[in-house]
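Here is a short briefing to read alongside the model. Please keep the structure open as you go through the points.

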Amino acid sequence: LLKKFKRKSVSMLNLNEVKNNLSHFDQVEIFNIEYDGLNACYNLTLVFSKDLFDLGSERLSITFFCLSSLTLHDSFQSNFQQFMSLTIEKDNNKWENVGYEVRQIEDDNLIFKCKSFSAYLI
């Protein structure tokens, strides 16, 4: 997915950096779920933009690994999607393959758990 965007120096963001950036990137450009045969799980990649109509604007790319408990509500079916107030929190239940809970606070359109994630500004 990173090949689609102009290549520049990128470094992985930590949880606090992702939380700080999520409020600035709320328009969903890419929502992609892929099966990982090696780990026998699904991974979700979300690419967020500040402005979908500005092809040169910076993007926030987050891949969530080993999804579980994925819930998408009906309002997700619209043509244009924004994830306002998306949060990523450490999950302290210590369940196998669950390290984080991700949810959209305002509408609960998106909720899931994952083992880990990687995030980059691109």
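Ser 69 is found in strand β4, and in this predicted model Ser 69 has a positive phi of about 55° although it is not a glycine. Most residues other than glycine have a negative phi.

**Other positive phi values**

- Cys 66 is another residue to look at, with a positive phi of about 60° although it is not a glycine.
- The place of Cys 66 is the loop between β3 and β4.
- Is Cys 66 buried or exposed? Cys 66 counts as buried because its relative accessible area is 11%, and the cut-off for buried is under 20%.
- Ala 40 also takes a positive phi, near 55°, in the hairpin of β1 and β2, where 4 residues lie between the strands.

**The chain as a whole**

- The chain holds 1 helix and 8 strands.
- Read from the N terminus, its elements follow the order α-β-β-β-β-β-β-β-β.
- The chain has 122 residues, and 42% of them count as buried.
- Take the contacts in the chain between residues at least 6 apart in sequence: 53% of these join residues at least 24 apart.
- The accessible surface of the chain is about 7500 Å², and carbon and sulfur atoms account for 48% of that surface.

**The sheet that contains β1**

- Which strands make up this open sheet, and in what order? There are 4 strands, in the order β1-β2-β3-β8, with antiparallel pairing.
- At the edges are β1 (27-36) and β8 (116-121), each of which pairs on one side only.
- Neighbouring strands of this sheet are turned by 15° against each other on average, direction ignored.
- Strands of a sheet pair through backbone hydrogen bonds, either parallel or antiparallel.
- Between β1 and β2 (residues 41-49) there are 9 bridges, in the antiparallel sense.
- On to the next pair: β2 and β3 are joined in the antiparallel sense over 6 bridges.
- Phe 48 has a bridge partner in β3 as well, namely Leu 60.
- Why is β2 described as largely enclosed by the rest of the structure? The reason is that 8 of the 9 residues of β2 are buried.

**Phe 65 in β3**

- Phe 65 is in strand β3 (residues 59-65).
- With a relative accessible area of 28%, Phe 65 is partly exposed, because this value falls between the 20% limit for buried and the 50% limit for exposed.
- Leaving aside neighbours within four places in sequence, the contacts of Phe 65 include Tyr 42 and Asn 43, and also Cys 114, Lys 115, Ser 116, Phe 117 and Ser 118.
- From Phe 65 to Gly 99 the separation is 34 residues in sequence and 9.8 Å in space, C-alpha to C-alpha.

- Another open sheet of 4 strands has the order β4-β7-β6-β5, with antiparallel pairing.
- Its edge strands are β4 and β5 (86-90); each has a single partner strand, so one side of each is left without a neighbour in the sheet.
- The twist in this sheet averages 15° from one strand to the next.
- β5 and β6 (residues 100-104) run antiparallel and are joined by 5 bridges.
- Helix α1 (residues 15-22) lies across β5 and β6 and runs at about 165° to β5.

- Ile 33, Tyr 35, Tyr 42, Leu 70 and Leu 72 make a nonpolar surface patch of about 460 Å².
- The elements that give two or more residues to this patch are β1 and β4 (68-72).
- Leu 70, one of the patch residues, has its place in strand β4.
- Leu 70 counts as partly exposed because its relative accessibility is 36%, a value between the 20% and 50% limits.

Key: Residues are numbered from 1 along each chain as its sequence is written. This is a predicted model: local features need pLDDT of at least 70, side-chain atom pairs count only at pLDDT 80 or more; totals for chains, interfaces and linings use all residues. Side-chain values use heavy atoms; hydrogens and water are left out. Two strands pair if DSSP finds at least two bridges between them. Axes are lines fitted to C-alpha atoms, for helices over the stretch in contact, and angles run from 0 to 180 degrees between N-to-C directions. Buried means under 20% relative accessible area, exposed over 50%, partly exposed in between (1.4 Å probe, protein chains only). Contact means heavy atoms within 4.5 Å. Accessible areas come from the Shrake-Rupley method with a 1.4 Å probe; for residues, only the protein chains shown count as cover. Patches are made of residues with over 30% relative accessible area and no salt bridge: like charges are joined within 9 Å, nonpolar side chains (Val, Leu, Ile, Met, Phe, Trp, Tyr) within 5 Å. A salt bridge is a side-chain nitrogen of Lys or Arg within 4 Å of a carboxyl oxygen of Asp or Glu.
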